[in-house]
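I opened this notebook page to record what I looked up in one chain, going from the overall build to single residues.

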Amino acid sequence: MAVSAYTYANMNLNALNGVLGDLSAIGTVVKCALLGNSYIPAQNRHEVFTADDWAASTAYSVGDYVIPTTATGHIYLCTTAGTSDSAEPSWPTVDVNTVVDGDVTWECVENGDLAYFEISGTGYTSGGQEISNKTLAQVEGITTFDGDNVSWVNSTLTARYAVVYETSTGILLSYQDFGEEKSSSSGNFEIQWNTEGIATITATQAV
């Protein structure tokens with residue numbers, strides 16, 4: 001089956017907000033992680049790879065994310081700032097449903113804790129593999145982020161998705177859907193990026 005590649009919508013917003021810096025800069029770490037078949041991509045909802053566990057009696061700001069102390073695959077976005085309760089709330093599991101936690105209101109982002117869906121296997125390290133030799137370029141209205149292919153050598157693993165994210169913020173950049181599960185058995189599992197780059201943003205032409 002054909003491999004399909006997509007950018008996450010929030011990548012563009014975070015870039016314009018200045019949250020994402022120069023992805024090609026020395027010291028900026030971008031990784032590729034492999035996810036299993038149970039992950040359900042939500043291109044316009046998923047924003048970060050994972051988050052810290054919820055904590056009691058803690059101040060949270062709008063835009064903060066947490067995951068339950070017992071991970072479920074869902075992540076929760078703070079939509080009303082405040083201080084959390086002394087006891088963990090009963091977390092909703094349906095997208096955009098909310099729960100009040102002390103002064104804080106949390107919104108469910110269904111299946112948004114991508115680390116929960118990360119694979120395990122021989123030759124694979126949690127968090128994924130760093131992408132080397134990153135570049136940013138802009139030619140004729142197309143801004144391209146690119147880097148070296150990644151591979152897991154002498155590996156035995158099975159994955160359905162490859163996700164690219166910036167590690168200091170956890171912000172998601174793009175993902176590849178292999179169309180079906182792909183496996184390696186004591187061999188190399190390699191992600192080869194499109195010749196046009198890992199991710200691109202195209203300026204709309206004036207009419």
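The entries below follow the order in which I looked things up.

**Ground rules.** I am working from a predicted model, in which local features need pLDDT of at least 70 and side-chain atom pairs count only at pLDDT 80 or more, while totals for chains, interfaces and linings use all residues. I number residues from 1 along each chain as its sequence is written, and side-chain values use heavy atoms, with hydrogens and water left out.

**Overall build.** I found 1 helix and 14 strands in the chain, where helices (H or I, at least four residues) and strands (E, at least two) are DSSP runs numbered from the N terminus. The C-alpha trace spans about 50 × 50 × 30 Å along its principal axes. Of the 207 residues, 43% count as buried, buried meaning under 20% relative accessible area, exposed over 50% and partly exposed in between (1.4 Å probe, protein chains only). Among contacts (heavy atoms within 4.5 Å) between residues at least 6 apart in sequence, 66% join residues at least 24 apart.

**Cores.** I next looked up the nonpolar cores, each a set of buried Ala, Val, Leu, Ile, Met, Phe, Trp, Tyr and Cys residues joined through side-chain atoms within 4.5 Å. The largest one has 35 residues, and Leu34, Trp152 and Ile191 have the most contacts inside it. Strands S2 (30-35), S12 (150-166) and S13 (172-191) are the elements that give two or more residues to this core, with S12 giving the most, 9 residues. Leaving aside neighbours within four places in sequence, I listed the contacts of leucine 34, which include Trp152, Leu157, Phe178, Phe189 and Ile191. A second, separate core of 10 residues includes Tyr76, Trp91, Val104 and Trp106.

I then traced an open sheet of 4 strands in the order S4-S5-S8-S7, with antiparallel pairing; two strands pair if DSSP finds at least two bridges between them. Its edge strands, S4 (65-66) and S7 (98-101), each pair on one side only. S4 is joined to S5 (residues 75-80) by 2 bridges, and the bridge partner of valine 66 in S5 is tyrosine 76. From S5 to S8 (residues 104-109) I counted 5 bridges, and cysteine 78 stands opposite tryptophan 106 in S8.

**Two single residues.** Is threonine 144 buried or exposed? Threonine 144 counts as buried, because its relative accessibility is 18%. This residue lies in strand S11 (residues 142-146) and, residues up to four places away in sequence not counted, touches Thr135, Leu136, Ala137, Glu196, Gly197, Ala199 and Thr200. Aspartate 103 is found in the loop between S7 and S8, and with the residues up to four places away in sequence again set aside, aspartate 103 touches Thr80, Ala81, Gly82 and Thr83. Finally, I noted that the C-alpha atoms of aspartate 103 and serine 174, 71 residues apart along the chain, are separated by 34 Å.
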